[in-house]
Amino acid sequence: THVFAQQFFLSFLVFATVILVGANMANPGKYHTATNVLVWGVCGVLLNWVSFAAICSMFMSDCTTQQACLRELCNLVESGLPVEQLHQFYFEYHSATRRNQGSYEGAFFAHMSFLTITMLANSVTLIVVGPGLREYGLLALAIVLLSAVLCLTPPLYAGFVNLEGERLQRAIAGRLELSPLLQAVQVCQPGVEIFGTYVTLGKLGLVAMTYMGLFLAGWFREAM
């Protein structure tokens, strides 16, 4: 279940290296080619982006595990498992996931906050200053793009996990004898929260459109 998270981690590092090397080569400034490739490109990825990609991959791995657990719980509900066992299994799942999320909550909060601020700062700078940053414009756009990828991927995974949580609630609601469990599940909601917000794909769409608008505004300003 964790293979895709590992693949994302490696793929993102390759993608980031290509993007940053390309941006530095397009606007080399006063630096030698080797400096732009090895220092600002490769070393920039290793020193700056590896930790962010690792936290994102860890979150993706946790979401994949939660999604599998919720799918299994839903199958148990649909199979007619007794109420007592379902109640026990659900709250074991809920306690384990909350405990696991708490182990990296601080690092994840810092991850999302820093990347969001970085993306917004670079976008606003490009929009406001524009051609005055010609030498560093492509690099700023590259940072905005990489930050957006790492900011949007965790909510996307959380949204898919929460779809499974909604499916579980519908399955529980379909059995009248599970009414007490349904009430408990509505209080202790299954799924993933980010910054205290229950993530849905609709909310993610609004955030993604905002990010895309900022990126395109910066790109057009840079192209002027």
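How many residues does helix α1 have, and how far does α1 reach from its first C-alpha to its last? Select residues 3-26 to find out. Helix α1 has 24 residues and reaches 34 Å, close to the 34 Å expected at 1.5 Å a residue. The expected span is 1.5 Å times one less than the number of residues. Helices here are DSSP runs (H or I, at least four residues), numbered from the N terminus.

Before moving on, note that this is a predicted model: local features need pLDDT of at least 70, side-chain atom pairs count only at pLDDT 80 or more, and totals for chains, interfaces and linings use all residues. Residues are numbered from 1 along each chain as its sequence is written, and side-chain values use heavy atoms, with hydrogens and water left out.

**Stay on α1.** Color its buried residues, including Ala5, Phe8, Phe12 and Leu13. Buried means under 20% relative accessible area, exposed over 50%, and partly exposed in between (1.4 Å probe, protein chains only). An α-helix has 3.6 residues a turn, so residues three or four places apart point the same way.

**Next, Ser57.** Look in helix α2, residues 33-78. Ser57 is buried, because its relative accessible area is 8%. Its side chain reaches the backbone oxygen of Ala53 at 2.8 Å. Leaving out residues up to four places away in sequence, Ser57 touches Ala5, Phe8 and Phe9. Touching, or contact, means heavy atoms within 4.5 Å.

**Now the core.** A nonpolar core is a set of buried Ala, Val, Leu, Ile, Met, Phe, Trp, Tyr and Cys residues joined through side-chain atoms within 4.5 Å. The largest one has 45 residues; Phe12, Trp49, Phe59, Leu150, Leu168 and Ile172 touch the most other members. Helices α1, α2, α3 (83-129), α4 (137-173) and α5 (179-187) each supply at least two residues. Helix α2 gives the most, with 14 residues.

Zoom in on Leu150. Among the residues it touches, not counting those up to four places away in sequence, are Phe8, Trp49, Cys56 and His111.

**Then the cysteines.** How many disulfides does the structure hold? Zero (a disulfide is a pair of cysteine sulfur atoms within 2.5 Å). From Cys56, the nearest cysteine sulfur is that of Cys151, 8.9 Å away. Is Cys56 buried or exposed? Cys56 counts as buried, because its relative accessibility is 0%. Cys69, at 34%, counts as partly exposed.

**Last stop: Gln169.** Find Gln169 in helix α4. Gln169 counts as buried, because its relative accessibility is 16%. Beyond its neighbours within four places in sequence, Gln169 is in contact with Leu182, Val185, Gln186, Gln189 and Pro190.

Note on methods: A polar contact is a pair of N or O atoms within 3.5 Å; within protein, one must be able to donate a hydrogen and the other to accept it, and residues adjacent in sequence count only if both atoms are side-chain atoms.
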